[in-house]
Amino acid sequence: MQTIWGKDVYESLGELTDPTHTALVIVDVQNDFCHPDGYYGQNGKDLNDIAVVVPKVANLLEAARKAGVLVIWIQQTLLPEAKADSPSWLRRRTRGTAAPEWTLEGSWGQDFMAPLKPLAAEPIVIKHRSSAFVGTSLDLLLRSNDIESLVICGVVTQGCVESTARDATFYDYYVVMVRDCVGTIDRKLHEASMLCQSTRYDFADSAGVIDEWASAAAHSREALA
Amino acid sequence: MRATALLLTGLQKAYSGPGSAMAAGGLDVSPLRASYPHLSKILAAARGAELPILHFRELSLADGVSDSAAWRNYRERAGSGIPISPNDPRGLEFLDDFAPEPGEFVIDRFRPSGLQDTRADVLLRSAGIRNLIIAGAETHRSVLATVLQAVGLDYLVTVPSEATASARPEMHDAALGILDAWIELLPVSEVVARLAIDGPSALIREVKNADHLG
């Protein structure tokens, strides 16, 4: 803990990932972005880096659940006839090609990539923009549970992951970006994005976060024993 | 261009359906039921004019995950009874006469205003909507909260008076008085007539920028 301008500011990885005030936010690990039969896979995008990330997210998720960390799933969603897309958003989505029809509501592409599957009590936040804070109940859910810190993972690095993480800092959450649990379809964009992001908030490896959560879980068990 | 949308709130079975949680809490829900024929007219007129229609669905997520300590306190103070949750699917459902149709939007809301912490504002802006007709229950709770937030978000708002209700008439009357200080209250018959004549552009009022901007 540091004290800055008379305010207590979390400092250590343990403080930044403490299960009593931390949520794991899993961004857009959906079939259209991750599965070979999904939109990216069927449109010639390189899924190799994302394929490595998905099992690591699964390990992180398991550790979060064991430690009682609040888990929130973010689900990019396209409505029929692009009803949630403004004219300016459509321009942004059509850069270079026709507007992609990915994560259509109710489609397999919108579903989460196996083996990642929300438990009944884990909230799913549907979003229509890159940041999970825009036009959603994410901030309401976080403040309802006294969450102060977000551990972020998922896809794609330079898009919805980075957008959500930046907004999280502007909405006054600590951010821990799990560097081996985010990925995208273009290594150059991934590295550029991670370089910029690393100047803005904390980065950690999943092993480090899992260790903190395992140790927190063990302390809870001792306290209860 | 479609510039007007209809927003409906508080039309779930937990309010006034069979075994209503509100009624079980000791409130007389007959004033709510009295508003339903008027609401049906508004809904039919809006559908005829092909307005975008948003149905707000109040709920609390399982295990209280959408309930802050403050919100639980406010609910208790208001005597709101058991929260509407997915554990009570029947209470969560819309009343039969107000079931959403395909192409209409169901928006889950966790607090009184349907525009707060939901995708409603994104949907409305994406459709170029600047005018809202807001109706339903309760006048002094979700209707009032949604209207005031709509005002703050720069929508032009119309409320069809007989298509709103609170279980307690004195709260309904007080709320209508406050709404009248802010927005256009119209009789249902007037709203229906305008929708029939002007369709999706009905109820647009010309609002000029301040004169000093020239």
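1. Two strands count as paired if DSSP finds at least two bridges between them. On that basis, 6 strands of chain A form an open sheet in the order S5-S4-S3-S6-S7-S8, with parallel pairing. Strands S5 and S8 (202-204) stand at the edges with a single partner strand each, so each has one side without a neighbour in the sheet. Direction ignored, neighbouring strands here are turned against each other by 25° on average. The model is a predicted one, and the points below should be read with that in mind.

2. Some detail on the pairing at the S5 end of the sheet. Strand S4 (residues 70-76) of chain A pairs with S5(A) in the parallel sense over 4 bridges, and A:Trp73 stands opposite A:Ile124 in S5(A). Strand S3 (residues 22-27) of chain A also runs parallel to S4(A), joined to it by 5 bridges. In that pairing A:Val25 is placed opposite A:Ile72 of S4(A). As background, strands of a sheet pair through backbone hydrogen bonds, either parallel or antiparallel.

3. A:Asp28 has a relative accessible area of 1% and A:Lys127 one of 0%. Because buried means under 20%, A:Asp28 is buried, and A:Lys127 is buried as well.

4. The salt bridge count over all chains is 23. In chain B, B:Arg57 and B:Asp108 meet through their side chains at 2.6 Å, N to O. This pair links strand S2 (residues 53-58) of chain B, which holds B:Arg57, to strand S3 (residues 105-109) of chain B, which holds B:Asp108, across 51 residues. B:Arg57 is partly exposed at 23% relative accessibility, and B:Asp108 is partly exposed at 28%.

5. A further salt bridge in chain B joins the side chains of B:Arg75 and B:Glu58, at 3.7 Å from N to O. B:Arg75 belongs to helix H4 (residues 69-78) of chain B and B:Glu58 to strand S2 of chain B, so the pair ties together parts that are 17 residues apart in sequence. B:Arg75 is buried at 10% relative accessible area, and B:Glu58 counts as buried at 15%. In chain A, A:Asp85, A:Arg93 and A:Arg129 are linked in a network of salt bridges.

6. How many disulfides does the structure hold over all chains? The number is 0. A disulfide needs two cysteine sulfur atoms within 2.5 Å. The sulfur of A:Cys181 is too far for a bond, because the closest cysteine sulfur, in A:Cys153, is 5.8 Å away. For A:Cys196 the closest cysteine sulfur is in A:Cys160, at 17 Å, again too far for a bond. A:Cys181 is buried, with a relative accessible area of 0%, whereas A:Cys196 is partly exposed at 41%.

7. Backbone geometry deserves a check at several places. Most residues other than glycine have a negative phi, and most peptide bonds are trans. A cis peptide bond joins A:Val155 and A:Val156, with omega about -15°; A:Val156 is in the loop between strand S6 (149-155) and helix H7 (157-170) of chain A. In chain B the peptide bond from B:Ala137 to B:Glu138 is cis, with omega near -15°, and B:Glu138 is in the loop between strand S4 (131-137) and helix H7 (139-152) of chain B. A:Asp146, not a glycine, has a positive phi of about 55° and is exposed at 57% relative accessibility. B:Asp154 has a positive phi near 75° and is exposed at 58%.

8. On the surface of chain B, the residues B:Leu148, B:Ile178 and B:Trp182 form a nonpolar patch with about 310 Å² of accessible area together. B:Ile178 lies in helix H8 (residues 169-182) of chain B and is partly exposed at 40% relative accessibility.

Conventions: Residues are numbered from 1 along each chain as its sequence is written. Chains are lettered from A and ligands numbered from 1 in the order in which they are written. This is a predicted model: local features need pLDDT of at least 70, side-chain atom pairs count only at pLDDT 80 or more; totals for chains, interfaces and linings use all residues. Side-chain values use heavy atoms; hydrogens and water are left out. Patches are made of residues with over 30% relative accessible area and no salt bridge: like charges are joined within 9 Å, nonpolar side chains (Val, Leu, Ile, Met, Phe, Trp, Tyr) within 5 Å. Accessible areas come from the Shrake-Rupley method with a 1.4 Å probe; for residues, only the protein chains shown count as cover. A salt bridge is a side-chain nitrogen of Lys or Arg within 4 Å of a carboxyl oxygen of Asp or Glu. Helices (H or I, at least four residues) and strands (E, at least two) are DSSP runs, numbered from the N terminus. Buried means under 20% relative accessible area, exposed over 50%, partly exposed in between (1.4 Å probe, protein chains only). Axes are lines fitted to C-alpha atoms, for helices over the stretch in contact, and angles run from 0 to 180 degrees between N-to-C directions.
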